[in-house]
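Q: Please take me through this structure and say what stands behind the terms used.

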Amino acid sequence: MSDTKQQKALFLQSKQGQFVVGSHSIPKPGKDELLIQVYSAALNPVDYKVQEQGIFVETYPAVIGEDIAGMVDEVGEGVRNFMKETEFTHGQFTNHGSAFQQFTLGEVDFTAKACIPDNVKYDEAATIPLAFDTASTGLYNSNKYGLGLTPPWEKNGIGMYSGTPIVILGGSSAVGSFAIQLARLSGFSPIITTASKIHEQRPDVIWSLVGKYTSGPIKYVYDAISLPETQQIGWSLLGQKGHLVLTLPALVQEEEGKERVAIRTFGSPHADENKPLCKGSWAILSEWLEAGTIKPLKCKVLPNGLEGIIEGLERMKKGQVSGEKLVAHPQDSK
């Protein structure tokens, strides 16, 4: 339900169409929802892929974006202890639940359970939701989206995989960064990662690196890049019955009788398969952030409010962004 109050939002006008800033109604929060004034909205590769490939969205004009940080403005039925708090939340591709607008709805289950800590800025908090959830579902979900490992927020989960090696390809990416942080909490050792495109184009370098730090078979590889060349490298590193986690569709298949498995993860906590797992992680995320257990990503603020998102997505599409997330300030829109 929405009222007549208006805000500014960035609309994708049609399937594979253009982005335009326009007016949009401000929604009223329903049961277990929060109305959040969006101070910071982070950009992700999926955002330009929605435009470029026409995926994930069925109704246009559409407002997209998933990474949100801001101030709770109003709460819906059944919501307690959230009014006028600074929060970050994982949005979704609905016109009243997405990031690229001045006000949005957040679900209580996938909103941090305490204020953004004083040591973390809005822009930094906005770098967390999608990348963190993609890393955690890939590692810990027990259904088709993950390895089914015991997560570190469950009993005895901290350090459970001590002495078990893991390879993380694309460690400097947003998803890769959180995969490393979570793998460390889970006790994986050694954690072998690549952080350079040069490494990801040189299988011999990576094989040599793995051989230097472990002599045992590799059971787990998380490919946070998942391009054809990195998938092949990750696949080649796996031992018997090894598992490769991917963020894009699998291009590898078992032809050597090793019983290897490729898993394409999906980082939305709103998917039914992910809800139980992500409720657990979001319940502790604020505590971890305040303690420095989980650290946000480096970010760069785009100028011109919502308009700046258009240029930011073009830069991402051209491969001009590395080692940081782009963040927009919707309230700065003219």
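A: In β8, isoleucine 192 is the bridge partner of valine 167. The model is predicted, local features need pLDDT of at least 70, side-chain atom pairs count only at pLDDT 80 or more, and totals for chains, interfaces and linings use all residues. Residues are numbered from 1 along each chain as its sequence is written, and side-chain values use heavy atoms, with hydrogens and water left out.

Q: What makes β7 and β8 a pair?
A: Strands (DSSP runs of E, at least two residues, numbered from the N terminus) pair if DSSP finds at least two bridges between them. Three bridges join β7 (residues 166-169) to β8, so the two strands count as paired. They run parallel.

Q: Why are β8 and β11 said to stand at the edges?
A: The open sheet has five strands in the order β8-β7-β9-β10-β11, with parallel pairing. β8 (191-193) and β11 (261-264) each have a single partner strand, so one side of each is left without a neighbour in the sheet.

Q: What makes the meeting of α6 and α7 a contact, and of which class are its residues?
A: Contact means heavy atoms within 4.5 Å. Helices are DSSP runs of H or I, at least four residues. Pro203, Ile206, Trp207 and Val210 of α6 make the contact with Ile233, Ser236 and Leu237 of α7. Ala, Val, Leu, Ile, Met, Phe, Trp, Tyr, Cys and Pro count as nonpolar, Asp, Glu, Lys and Arg as charged, and the others, Gly among them, as polar. The contact therefore has six nonpolar, one polar and no charged residues.
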